[in-house]
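Subject: Structure handover

Hi,

Here is the structure for your work. Please have a look, then read on for what I found.

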Amino acid sequence: MSHLKLPPLPPYQKQQRKSYAGFVRSTSVQSTPSPTSNFATSFQLIVTAPTSSLTNTNTKMSNDQKIPVGFVTMDHQVAGHTFHVGTEEIGMLKSVDDGSVLKPAGSPMCAAREIKFYEQLLTTTDKDILPLRDFIAEYRGTQTLAVGSKAVNFIKLRDLTHGISEPCVIDIKMGRRTWDPLATEQKREAEENKYVGCKNTVGFCIPGLQTHHIASGTYKKFGKEYGKKLNQNTVKEALRLFLNADSGLCRQLIMQILTNLWAIQKWIRTQKVYQFYSSSILIIYDARKLRQILEAKVRTPTTPDGEIRSESPLNSLQNQLKPNRSSSNSLRGSGESLNTLEASGSPTVPKTVYRKIQRSHSSMNNYEQEMQKMKDNYTLMLDNLVGVYDSNKEWVHVKMIDFAHTFNNNEISDGQPTVDKNYLDGIEHLVEMFEELLKQCD
Ligand SMILES: Nc1ncnc2c1ncn2[C@@H]1O[C@H](COP(=O)(O)OP(=O)(O)OP(=O)(O)O)[C@@H](O)[C@H]1O
Ligand SMILES: [Mg+2]
């Protein structure tokens, strides 16, 4: 039997802030078909230009949401609480100059718990806890900011999207049980009815993801409504979507993700200090770097006799810029280059194909997407030519986030502390899925 050493809680106040349901703001939202499956397509939101931040200049922001100078709303946030236009809800902020995000500390109990967690981690010498430091985004203390007329307490963390040109982001909430030991019956019931298809089978769920879709040059965002419909099969599709698998599964990317996941998994298998409820693993990578890797593969196709035929970036640029046979009027949109998964001799070597597309005045959306894609390709070629893109730059992050419901085992248990089986179950399944994806790379 367990007892709680924490002071008694006031009755659980249902959070009034709305969780992330879609995206904050975009220049254009469409529901056009995509190369993704019908299931995913019915939930996706396409942003044809990079998501932009809401700032003080946004006229739709209520007075109570006015953000202090030097901060903007977090543009690449995929889950959790956000500034909801027309309400007083407060979400994540981003500092414009120091590469930090600021998370509103939330209810007093959650705030105290999460801040205590980070502070303890800063000062601990406990060798069982120390590895955890590598698995979290750097904690930079707390900061009180005036949002409208309110003083709001924020937790400051390293912004993991900082320096990433085209961030692909997925929030994976760990554990079948997402309610903490202090949750009311009502809260418990609500949590148990969410994301059931996924949580109850694979022990984790996906409250949000964003991908910079390489094939179309657009951002695609999937919110919690998409996540709630996923099951043990479709969740694999969600991971593939996140990884831009329709442009080619990238071994280098999956290996980087797995290396980080294995380290977390190894620690979770033995640690008995914490129980993590409703905590997530946040995975972020740069689609621009991924595109560069996939393009490099295209530039080294094999000859029929199996030799690798390489093409210099300059040749590649020339070839891309010079009009092809069928596209002398390409700026009017008659030619399009696509990277496909079609094999040329070897199943691992994608080939560049050119396909003619029919365009009418009513297909402006396609036109915009193609223009974006052309710009992407052009940027990529310039990167390759002048070596701007630092190949040593970190382009993949895998971190544990959200510790508002994390408890020290000694706070909630009388008996022998145990490993966090709830979290463990989730990460074991997650690792398995990425390992399966790795096998599919060959
Ligand atoms: N360090 C970070 N860098 C970049 N993005 C982050 C970082 N931490 C969080 N995010 C973004 O913010 C989202 C929400 O974060 P988090 O889960 O910590 O907040 P929350 O769910 O609103 O919090 P709570 O459940 O405590 O109310 C994540 O899904 C992610 O998109
Ligand atoms: Mg969260």
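This is a predicted model: local features need pLDDT of at least 70, side-chain atom pairs count only at pLDDT 80 or more; totals for chains, interfaces and linings use all residues.

**Overall**

The chain comes to twelve helices and 16 strands. It has 442 residues, and 35% of them count as buried. Take the contacts with a separation of 6 or more: 73% of them are accounted for by residues 24 or more positions apart.

**The five-stranded sheet**

β6 and β7 belong to an open sheet of five strands. The order is β3-β4-β5-β7-β6, with antiparallel pairing. Which strands sit at the edges? They are β3 (71-73) and β6 (139-147), and each of them pairs on one side only. Neighbouring strands of the sheet are turned by 35° against each other on average, direction ignored.

Two pairings in this sheet can be given in detail. β6 and β7 (residues 150-158) are antiparallel and share seven bridges. Here L145 has V152 of β7 as its bridge partner. On β7 there is also a pairing with β5 (residues 100-104), antiparallel and joined by five bridges. In that pair, K103 stands opposite I155 of β7. As background, strands of a sheet pair through backbone hydrogen bonds, either parallel or antiparallel.

**β9 and β10**

This is a second hairpin, with four residues between the strands. G217 takes a positive phi near 70° here. β9 (residues 204-213) and β10 pair in the antiparallel sense, over five bridges. Q210 stands opposite K221 in β10.

How many residues of β10 (residues 218-222) are buried? Five of the five are, so the strand is largely enclosed by the rest of the structure. In a regular strand the side chains alternate between the two faces of the sheet. In β10, T218, K220 and F222 point one way. Y219 and K221 point the other way. Both sets are buried, and they include the lysines K220 and K221.

α7 covers residues 251-270, which is 20 residues. From its first C-alpha to its last it reaches 29 Å, close to the 28 Å expected at 1.5 Å a residue. L253, I254, I257, L261, I264 and I268 are buried in α7. Seen down the helix axis, the buried residues of α7 fall within an arc of 100°, so they line one face. The face turned away from that buried side carries exposed residues: T259, K266, R269 and T270.

What covers the buried residues of α7? The cover includes two strands, β12 (280-286) and β15 (396-401). It also includes two helices, α8 (287-299) and α12 (421-439).

α8 has 13 residues, which should span 18 Å at 1.5 Å a residue. Its end C-alpha atoms are 18 Å apart, which agrees. Buried in α8 are A287, R288, K289, L290, R291, L294 and E295.

Best wishes

Technical notes. Residues are numbered from 1 along each chain as its sequence is written. Chains are lettered from A and ligands numbered from 1 in the order in which they are written. Two strands pair if DSSP finds at least two bridges between them. Axes are lines fitted to C-alpha atoms, for helices over the stretch in contact, and angles run from 0 to 180 degrees between N-to-C directions. The expected span of a helix is 1.5 Å times one less than its number of residues. A residue is buried if 20 or more other C-beta atoms lie within 10 Å of its own, exposed if 12 or fewer, and partly exposed in between; C-beta atoms are placed from the backbone. The arc is that of the directions from the helix axis to the C-beta atoms. Two residues are in contact if their C-beta atoms, placed from the backbone, lie within 7 Å.
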